[in-house]
Amino acid sequence: MHTFINVEDIGDLNQALAEAQEIKNERFKYQHLGKNKTLMMIFFNNSLRTRLSTQKAAMNLGMNVIVLDVNAGAWKLETERGVIMDGDKSEHLLEAIPVMGCYCDLIGVRSFAGLTDREFDYAETIVNQFIKYSGRPVFAMETATVHPLQAFADLITIEEHKTVERPKVVLTWAPHCRALPQAVPNSFAQWMNAAEDVDLWITHPEGYELDPKFIGNAKVTYNQREAFEGADFIYAKNWSNPGVTNPADYGKITSKDMSWTVDEEHMSWTNNGKFMHCLPVRRGLIVTDDVIESKNSLVIPEAANREISASVVIKRMLESL
């Protein structure tokens, strides 16, 4: 595996899930793969779970790890070609990327959407430059439009906690005070669609439709209660307007409807449903205290599985070297 961005990059999902369980049972089994190999983790944006889980996964596999915070201690990087660099950006990404490639064997990249230019964001301009110019295998630690390590961990978590063969899984929009990217919901929908044993529903206010390429065969409704009824898993997440129905709204907050906040009443509509969220979460906006602290909350096991999803991906990349 030379790149990891979308679900198709992982291949057979059942095999990947079996490999995840193997690694979870024996986390240091493949240390020999990473001996004398270096992972470079490049962060254009803040991180807690992604940074810690990915670094831990690489260390479990015997790797050395270099972490670069682009916005803290590095030169400011220009990302677009054809510009006159007479501002505060001292180095171009097109020189920086091959230099980074000289110092490592694998590269993980985290770069959020700017939420101002939909075409630029959805072209995955930054991560694709790393793929093209680094000369190294590249995996996404979240990009402008996807977060595959999170979605893989979410799928592992659902497989571990489901009580029926084909659970009803609901991705629900919830309000937020800031404009957030669509990366997590996009990947969650993409991976749940790829899993054959998931009945996926997506619910959100009108105007918040995700890109059709991610929605796939999911059932979409603007009626949150309809989606929640009989659900086995509730995955709450805010996203800003994707600009699908109205491009001018891309990246904007066009609803702050607090009736979408997941509380005990919402969860009472479910089939004793489990609550999921990628974290960090704004309590009182996305979810109430009593729901996220309940016995049916999976946010901590879900976060723990980030180490496992990263381990599978890095292992497969090391095997391809």
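1. K237 lies in strand β11, which spans residues 233-237; helices (H or I, at least four residues) and strands (E, at least two) are DSSP runs, numbered from the N terminus. The model is predicted, so that local features need pLDDT of at least 70 and side-chain atom pairs count only at pLDDT 80 or more, while totals for chains, interfaces and linings use all residues. Residues are numbered from 1 along each chain as its sequence is written, and side-chain values use heavy atoms, with hydrogens and water left out.

2. K237 is buried yet has no salt bridge, and the nearest side chain of opposite charge, E142, is 7.0 Å away. Buried means under 20% relative accessible area, exposed over 50% and partly exposed in between (1.4 Å probe, protein chains only); a salt bridge is a side-chain nitrogen of Lys or Arg within 4 Å of a carboxyl oxygen of Asp or Glu. Lys and Arg count as positive and Asp and Glu as negative, whereas His and the chain ends are not counted.

3. Leaving aside residues up to four places away in sequence, K237 touches L171, T172, W173, A174, L180, V184, P185, H277 and C278, a contact being heavy atoms within 4.5 Å.

4. Five of the five residues of β11 are buried, with F233, Y235 and K237 on one side and I234 and A236 on the other.

5. β11 pairs in the parallel sense with strand β8 (residues 168-173) over five bridges, where V170 stands opposite I234. β11 also pairs in the parallel sense with strand β12 (residues 274-276) over three bridges, and here F233 stands opposite K274. Two strands pair if DSSP finds at least two bridges between them.
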